[in-house]
Amino acid sequence: MDVRFAASVNTSELLSTRWSPEHALDSTDTCRALAELGRKLANAGFINRFGRLQIDDEHNAALAELALGQRIDVALAARYLGGPQALVALLETGLATITEESQFSLSFEVLSDGKAMALLPFLDSSTEVPADSVYAGTDTWLLRDQAWKYGLHGKRAIDLGTGTGLVAAFLTSRYESVIATDINQRATLTAQLSRELLPESAKSRMHVVTNDVATGLRPGTFDFVCVNAPWVPAHRSVGRIYSQGGETGFELPRRFILEGTELLAPGGVFIALCAELTFLDGSNPLRDLLENFERRGFATFIEPTPSPHPFHAAANGTAETLPGLDSARHVTVVIHRKTGVVVQ
Ligand SMILES: C[S@@+](CC[C@H](N)C(=O)[O-])C[C@H]1O[C@@H](n2cnc3c(N)ncnc32)[C@H](O)[C@@H]1O
């Protein structure tokens, strides 16, 4: 296929178009291009988890390169994304760039477990991480795996602080309705774009909203609630929305645990990834909180993140810099609202 759109499009303008998710969501051609990409990747068996990359169909190596945000020939890109019009739409909304040599690249990489997909935007600069950047990391996959383990029953699920929307996308394979929320509008716009990669059946189950923790959501109506909470103490997180958990790092996880558990329907399960802090005076705010839940009739437990996982060491590291802190470990908190438990 010969795609000479340099002739009809002003490429020098397109080279510098900024990432603009609002405009991308308004553009039918962009949404179609994302849907086409999602379809092609699913058919080719594309998997991109941190540290694991795979594509079943070797003939589609360039498709994998495209999905990783690498440069490929513009004609090939047009084949994968649904034609020249799709490419122009992606370029115009800053979701892609093109070089003078007709090398085309996306401004994001596609995360995928083979079914659930999400896009992770690249940073504008290699040196600065803006406070409102959209996050995904090895803990994203930990949340996905824990959601697979604990999110087993019911119809309605919610992913609080969704980031790219990957885990919410994953939950559409288990739940009829999945809400993805985040306080960071950059994240909710990204999650909405991620939704466009999904097949129609999954897309119609996923709804994205911007809000603060569980504000405005109806209590007692979700069968599964999950969150990968920010847990880094303020002095180490340099204001980044995705990591800053409050002064000690437990203030925001506490809110997620309290407000997220309120959302549980009878029989529902809540999980949160966060750090468990133990202070030199022996106090442990997470344990105190969970004891309180136990007294109210909930079943709770803490599953430590095993040592090969990078977040095992990452949580340990905070203990060295927070005054009064004895130790910190990365954990999954699990809270089950037993059927008979009445929530005041
Ligand atoms: C560690 S990131 C996890 C993102 C995503 N769930 C994942 O696992 O890849 C924490 C997320 O919580 C969001 N967040 C921070 N404070 C929040 C708040 N008060 N209400 C809702 N979301 C919040 C951040 O914007 C960020 O997307």
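Predicted model: local features only at pLDDT ≥ 70, side-chain atom pairs only at ≥ 80, totals over all residues.
The mean pLDDT of the protein is 91, and 93% of its residues reach 70 or more. Please be careful with residues 1-10, however, where pLDDT stays under 50 and for which the model has 15 contacts beyond four places in sequence.

Now to the ligand. There are 20 residues around the ligand, and those that come nearest are Thr 140, Gly 161, Gly 163, Ile 183 and Asn 228. If you sort this shell by class, you find ten nonpolar, seven polar and three charged residues. Which helix gives the most to the shell around the ligand? That is helix α7, residues 138-150, which contributes three residues.

Next, the helices, where I would like you to look at α6, which spans residues 84-92. Helix α3, residues 28-43, has an axis that comes within 8 Å of the axis of α6, and the two cross at roughly 110°. An angle from 65 to 115 degrees counts as roughly perpendicular, and α3 and α6 are therefore roughly perpendicular to each other. The crossing in which α3 passes α6 is left-handed. On the α3 side the meeting residues are Asp 29, Thr 30, Arg 32, Ala 33 and Glu 36, while α6 brings Gln 85, Ala 86, Ala 89 and Leu 90. By class, the residues of this contact are four nonpolar, two polar and three charged.

Helix α5, residues 74-81, also meets α6, with axes that come within 8 Å and cross at roughly 100°, which makes α5 roughly perpendicular to α6. Here Val 74, Ala 77, Ala 78 and Leu 81 of α5 make the contact with Pro 84, Ala 86, Leu 87 and Leu 90 of α6.

Definitions and conventions
Residues numbered from 1 in each chain as written. Near = placed C-beta within 6 Å. Helix = DSSP H or I, 4+ residues; strand = E, 2+ residues; numbered from the N terminus. Nonpolar A, V, L, I, M, F, W, Y, C, P; charged D, E, K, R; others polar. pLDDT = per-residue confidence, 0-100. Contact = placed C-beta atoms within 7 Å. Axes fitted to C-alpha atoms, helices over the stretch in contact; angles between N-to-C directions. Parallel < 35°, antiparallel > 145°, perpendicular 65-115°, else oblique. Left-handed = near helix turned anticlockwise from the far one by under 90°.
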